[in-house]
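Colleague: I would like to learn how to read a model of this kind, feature by feature. Please take me through it.

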Amino acid sequence: MPAMTPEELHRFLEEHFPQAAHLDLRIEHLDDTTIRVRLPADERHLRPGGTISGSTLMWLVDCGFYFLLLGRLGPRATLAVTTNLNINFMRKPEPTDLIGEGRLMKLGRTLAVGDFTIRSDGSDEPVAHATLTYSLPRS
């Protein structure tokens, strides 16, 4: 069972990362090893050509995986930091909501490893896939 609920994670984001809270990331599913998030498409996310920017996709991956770790470990993971994020941009994301699904593949004492797939809402085809490693604070 997760240590934090989606509601607690949203409050955490508002309190500790107000600069990101306005982006309206929503957690649709959370358990011990998986998360599903939705980022509503907004004019701020678009780049020339009417596609969602790569930096928005990377932010979604990083924030979504951070939420998955917090959900699993609780607020003690607040000092967890991204040590590696590798992303493959696979196709043009449509200017619609983004759906991100993350998976915690390994949780060790000092590192957490996972992957994340992003799709445009209404499509089964991934627009991006990422692998991540986070460094965890020592207990």
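Modeller: We go through the sheet, the helix across it, the core and the salt bridges.

Colleague: What should I know about the model before reading its features?

Modeller: It is a predicted model, so local features need pLDDT of at least 70 and side-chain atom pairs count only at pLDDT 80 or more, while totals for chains, interfaces and linings use all residues. Residues are numbered from 1 along each chain as its sequence is written, and side-chain values use heavy atoms, with hydrogens and water left out.

Colleague: In what order do the six strands form the sheet?

Modeller: Some terms come before the answer. Strands (E, at least two residues) and helices (H or I, at least four) are DSSP runs, numbered from the N terminus. Two strands pair if DSSP finds at least two bridges between them. Here the sheet is open and antiparallel, in the order β1-β2-β6-β7-β8-β5. β1 and β5 stand at the edges with a single partner strand each, so one side of each has no neighbour in the sheet. From one strand to the next, the twist averages 20 degrees.

Colleague: Over how many bridges do β6 and β7 pair?

Modeller: β6 and β7 pair over nine bridges, in the antiparallel sense. L104 stands opposite G114 in β7.

Colleague: Which strands does α3 lie across?

Modeller: Angles run from 0 to 180 degrees between N-to-C directions, with axes fitted as lines to C-alpha atoms, for helices over the stretch in contact. α3 lies across β1, β2, β5, β6, β7 and β8, and runs at about 50 degrees to β6.

Colleague: Take L60, which is placed in helix α3. Is L60 buried or exposed?

Modeller: Buried means under 20% relative accessible area, exposed over 50%, and partly exposed in between (1.4 Å probe, protein chains only). L60 has a relative accessible area of 0% and is buried. Contact means heavy atoms within 4.5 Å. Leaving aside neighbours within four places in sequence, L60 is in contact with L25, V37, L39, L98, F116 and I118.

Colleague: Which residues touch the most other members of the largest nonpolar core?

Modeller: A nonpolar core is a set of buried Ala, Val, Leu, Ile, Met, Phe, Trp, Tyr and Cys residues joined through side-chain atoms within 4.5 Å. In this one, with 35 residues, they are I35, F65, F67, F116, I118 and Y134. Elements that each supply at least two residues include α1 (6-16), α3 (54-73) and β7 (111-120). α3 gives the most, with eleven residues. Not counting residues up to four places away in sequence, I35 touches residues including I27, L30, F67, L68 and F116.

Colleague: Now the charged side chains. How many salt bridges does the structure hold?

Modeller: Side chains of opposite charge can pair when their charged atoms come close. A salt bridge is a side-chain nitrogen of Lys or Arg within 4 Å of a carboxyl oxygen of Asp or Glu. The structure holds nine.

Colleague: What does the salt bridge between R38 and E28 tie together?

Modeller: Their side chains meet at 2.5 Å, N to O. R38 lies in strand β2 and E28 in strand β1, so the pair ties together parts that are ten residues apart in sequence. R38 counts as buried at 13% relative accessibility, whereas E28 counts as partly exposed at 38%.

Colleague: How far apart are the closest N and O atoms of D97 and R38?

Modeller: They are 3.0 Å apart, in another salt bridge. D97 lies in the loop between β5 (81-89) and β6, so this pair ties together parts that are 59 residues apart in sequence. E28, R36, R38, D97, E101, R119 and D121 are linked in a network of salt bridges.
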